[in-house]
Amino acid sequence: MFTLAEVASLSDIQPTYRILKPWWDVFMDYLAVVMLMVAIFAGTMQLTKDQVVCLPVLQSTVNSKVQPDTTGKADFTTVETTTGQAASMRTVSFGSAPTVTPDILLSRATSSQYQPTESSQELKKEQKDSSGRKTNLDFQQYVFINQMCYHLALPWYSKYFPYLVLIHTIILIVSSNFWFKYPKTCSKIEHFVSILGKCFESPWTTKALSETACEDSEENKQRLTGAQSLPKYVSTSSDEGSPSASTPMITKSGFKFSADKPMIEIPSVTILDKKDGEQAKALFEKVRKFRAHVEDSDLIYKLYVGQTVIKTVKFIFILCYTANFVNTISFEHICNPKVEHLIGYTQFECTHNMAYMLKKLLISYISLICVYGFICLYTLFWLFRIPLKEYSFEKVREESSFSDIPDVKNDFAFLLHMVDQYDQLYSKRFGVFLSEVSENKLRGISLNHEWTYEKLRQHVSRNAQDKQELHLFMLSGVPDAVFDLTDLDVLKLELIPEAKITAKISQMTNLQELHLYHCPAKVEQTAFSFLRDHLRCLHVKFTDVAEIPAWVYLLKTLRELYLIGNLNSENNKMIGLESLRELRHLKILHVKSNLTKIPPNITDVAPHLTKLVIHNDGTKLVVLNSLKKMTNVAELELQNCELERIPHAIFSLSNLQELDLKSNSIRTIEEIISFQHLKRLTCLKLWHNKIVSIPSSITHIKNLESLYLSNNKLETLPAAVFSLQKLRCLDVSYNSIAVIPVEIGLLQNLQHFHITGNKVDVLPKQLFKCVKLRTLSLGQNCITSIPDKVSQLLQLTYLELKGNCLDRLPATLGQCQLLRKSGLIVEDHLFDALPSEVKEVLNQDTSIPFANGI
């Protein structure tokens with residue numbers, strides 16, 4: 001027996017998948033139900049009333065005067081039994097009732113000649129009363145014959161017709177619903193039906209379609225009223241220097257917002273409950289994953305075609321064999337059971353009680369099968385008439401603003417075709433969740449709901465330059481409230497792939513610095529005009545050069561440009577940077593990449609550049625001839641470029657003031673003699689290389705003020721270094737220097753001396769003649785004592801002694817008026833060993849003016 005729960009689950013199957021049941025499947029289901037009722041009705045009738053009634057066929061005998069039955073259609077046979085008298089015939093009876101034999105009848109006839117009295121009258125009366133044919137069979141013999149003739153004489157189709165109808169109907173029902181139950185397809189169908197229902201009922205679907213309708217009405221209004229009715233911040237014309245059609249602002253595959261198209265705001269439509277927004281975002285993700293899972297195969301389509309073919313073949317088979325058996329269902333049947341030795345008769349004429357009803361039911365069944373078959377043929381025609389493995393949302397794209405809804409294929413397309421047979425509105429509403437535009441709008445609404453003005457204000461901070469800075473990281477877009485922060489100086493957008501800068505940015509009059517880290521931002525026309533006139537510094541970090549927004553190359557008033565990303569040889573052609581020549585006011589260009597040569601297009605802005613920084617990630621920079629054209633460059637940094645010598649092209653930069661060749665592979669600097677032509681060179685940074693010695697020709701750089709040679713392989717300091725009278729900073733830390741030459745006393749302008757991480761064991765007294773020293777780094781050496789003359793360094797604010805072999809510190813440290821404990825880097829036990837009055841001096845308040853000299 002079925003439980004109520006099982007029956008309830010069966011009733012839920014049809015409503016669950018009704019949207020995937022086209023009219024022909026529904027109609028065939030109803031036909032199958034009717035055929036099932038025919039089978040059940042016929043089977044019930046057979047179980048209750050299916051009877052065969054048989055009577056023996058009598059043959060006229062020699063001694064009998066009985067007339068042969070002329071109404072029967074069957075042939076009669078005679079069974080003779082001889083018992084010694086040829087004229088005698090006997091009928092054997094198996095019952096207890098008395099039987100009348102011909103002998104008895106003969107004796108009665110003989111005696112009647114002699115007794116024509118009362119007995120003859122009674123015999124005549126008896127013969128008159130018992131009219132008809134006598135068969136001499138009792139009830140049990142009739143039952144026996146009926147059962148035998150039911151199996152022998154009745155055609156098999158009359159007996160099994162209801163069961164065949166039942167089996168065929170069950171097969172057809174299974175064939176119609178097999179694709180809903182097959183493990184490889186049912187999970188996809190369940191997910192599709194579930195997602196489709198949620199998409200249809202989602203509040204975002206209604207709001208998105210409503211917004212489309214509002215936008216259409218607004219666009220019509222704009223056409224009627226003209227461009228003068230647009231808001232102030234919306235521009236429909238291109239200003240001078242604005243991007244042209246060749247450099248679109250917000251173009252992307254499927255994204256049709258353009259710079260000159262007014263953006264209509266509809267606050268009443270964009271209000272969306274936070275919970276509904278989260279559910280809609282989850283639906284977008286589900287649809288994306290479901291599409292990727294289903295589009296790669298066409299199993300559902302093949303299975304549906306297969307089951308339709310099976311039903312068609314089944315229809316043809318049933319129709320062919322059933323038509324042959326229609327005439328076999330008859331009311332009358334002749335039976336020859338071959339049991340004459342038991343009952344004395346060889347042939348019986350039988351009637352089938354259900355013949356009439358079964359014939360009518362069979363005709364009805366054939367009619368239903370014909371209708372069913374025609375529907376199957378129509379289904380096959382529909383399956384092969386159009387390409388069901390392709391589905392186009394062209395109509396939906398025309399009716400809505402979501403022109404980026406992609407066409408789908410394979411099983412995904414087939415399921416949508418099936419849904420269209422139920423109601424095309426499902427596909428239209430489902431298409432909203434295939435649109436990237438729709439998803440971006442939803443993200444924007446949810447983003448604005450979450451990131452309010454108050455929350456953004458809490459994330460504003462002060463940077464090292466004491467500017468107000470806002471850093472937004474991994475958001476779905478740029479919240480509208482950002483543009484209400486009118487006092488913001490620096491805006492950083494990182495990992496925001498759908499960032500869009502609207503016309504409201506024109507409110508941010510203090511904004512001068514913008515950071516775009518993996519954020520190919522799109523701008524509206526008015527926003528671009530504002531950035532072109534106000535932006536001074538731009539940082540762009542990218543993976544491929546194509547990610548650099550095209551409008552970057554058109555910012556005419558840009559002063560500083562920082563490019564961080566992959567600029568390999570293939571993309572160097574693209575770094576035409578849409579040519580930097582448009583950046584007429586660019587002064588600083590910072591490129592951190594993997595260049596093998598300086599792109600020729602960078603030289604387009606050479607007359608304007610005052611600072612060029614190239615940081616390579618270990619890629620060898622081979623071609624540097626382009627540097628010769630940068631005659632106005634004052635600062636040049638070539639870091640981590642695998643340079644082995646100082647490039648000759650640098651010697652042509654007559655205005656060069658600072659040269660930084662950090663982290664290269666330079667071993668010798670003999671070319672330094674050519675620096676005598678660089679009259680303005682004041683800072684030379686050759687740190688983090690492999691330099692072994694300093695040539696005496698360094699004396700020709702007479703204006704040198706800062707020399708950085710740390711992290712090299714120097715063992716000595718030549719006297720030529722100390723002939724640089726203008727030298728204020730000397731850094732030779734982390735080398736192998738053992739002796740500080742006494743000539744160091746010649747550097748009367750020296751303010752910063754760093755020799756940390758060497759092998760110095762003695763400090764020359766001449767060192768303390770450099771009375772302008774403010775920073776002295778002597779840590780990690782082999783120094784055993786500090787001379788008392790350290791007290792002569794009255795401007796000393798920083799002294800590093802940690803990591804030496806000192807036993808004590810001189811008490812004269814207290815005479816260094818600007819030195820405080822925070823600027824004394826030494827082991828604690830050495831500091832504690834100082835006299836208390838010295839420690840008291842060093843522990844004084846640090847708020848005195850010495851900090852101004854650091």
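Helices (H or I, at least four residues) and strands (E, at least two) in these legends are DSSP runs, numbered from the N terminus. The views come from a predicted model, in which local features need pLDDT of at least 70, side-chain atom pairs count only at pLDDT 80 or more, and totals for chains, interfaces and linings use all residues. Residues are numbered from 1 along each chain as its sequence is written, and side-chain values use heavy atoms, with hydrogens and water left out.

**View 1. The whole chain, to get our bearings.**
The protein chain holds 21 helices and 24 strands. Of its 854 residues, 47% are buried, where buried means under 20% relative accessible area, exposed over 50%, and partly exposed in between (1.4 Å probe, protein chains only). Contact here means heavy atoms within 4.5 Å. Among contacts between residues at least 6 apart in sequence, 57% join residues at least 24 apart.

**View 2. The loop around S733.**
Look for S733 in the loop between β20 (729–731) and β21 (752–754). Is S733 buried or exposed? S733 has 6% relative accessibility, so it counts as buried. Its side chain and that of D731 are joined by a polar contact of 2.9 Å. A polar contact is a pair of N or O atoms within 3.5 Å; within protein, one must be able to donate a hydrogen and the other to accept it, and residues adjacent in sequence count only if both atoms are side-chain atoms. Leaving aside neighbours within four places in sequence, S733 also meets L709, S710, N711, H754, I755, T756 and N758.

**View 3. F753 and the nonpolar cores.**
A nonpolar core is a set of buried Ala, Val, Leu, Ile, Met, Phe, Trp, Tyr and Cys residues joined through side-chain atoms within 4.5 Å. Which members of the largest core, with its 133 residues, touch the most other members? They are L638 and F753. Helix α19 (residues 525–534) supplies the largest share of this core, 4 residues. Not counting residues up to four places away in sequence, the contacts of F753 include L730, V732, I740, I744 and L767. A second, separate core has 80 residues, among them V326, I375, L380 and L434.

L586 sits in the loop between β13 (560–564) and β14 (588–593). With a relative accessible area of 0%, L586 is buried. Beyond residues up to four places away in sequence, L586 touches L558, R559, E560, L561, H608 and L609. Its C-alpha atom is separated by 9.3 Å from that of A606, 20 residues apart along the chain. Moving on to the strands, β14 pairs with β15 in the parallel sense over 6 bridges; two strands pair if DSSP finds at least two bridges between them. L589 has L612 in β15 as its bridge partner. Strand β15 (residues 611–616) is mostly covered, with 5 of its 6 residues buried. β15 also pairs with strand β16 (residues 635–639), again parallel, over 5 bridges, and there V613 has E637 as its bridge partner.

**View 4. Strand β1, residue by residue.**
β1 and strand β3 (residues 348–352) pair in the antiparallel sense over 5 bridges. Here V52 stands opposite H352, and V53 stands opposite T351. In a regular strand the side chains alternate between the two faces of the sheet.

**View 5. Spans annotated as transmembrane.**
An unreviewed UniProt entry places the feature "transmembrane region" at residues 27–47, 160–180 and 362–384; UniProt positions are given in the numbering used here, feature names are shortened, and annotations may be inferred rather than shown by experiment. Residues 160–180 are 100% helix and 0% strand, with end C-alpha atoms 31 Å apart. Residues 362–384 are likewise 100% helix and 0% strand, with end C-alpha atoms 33 Å apart.
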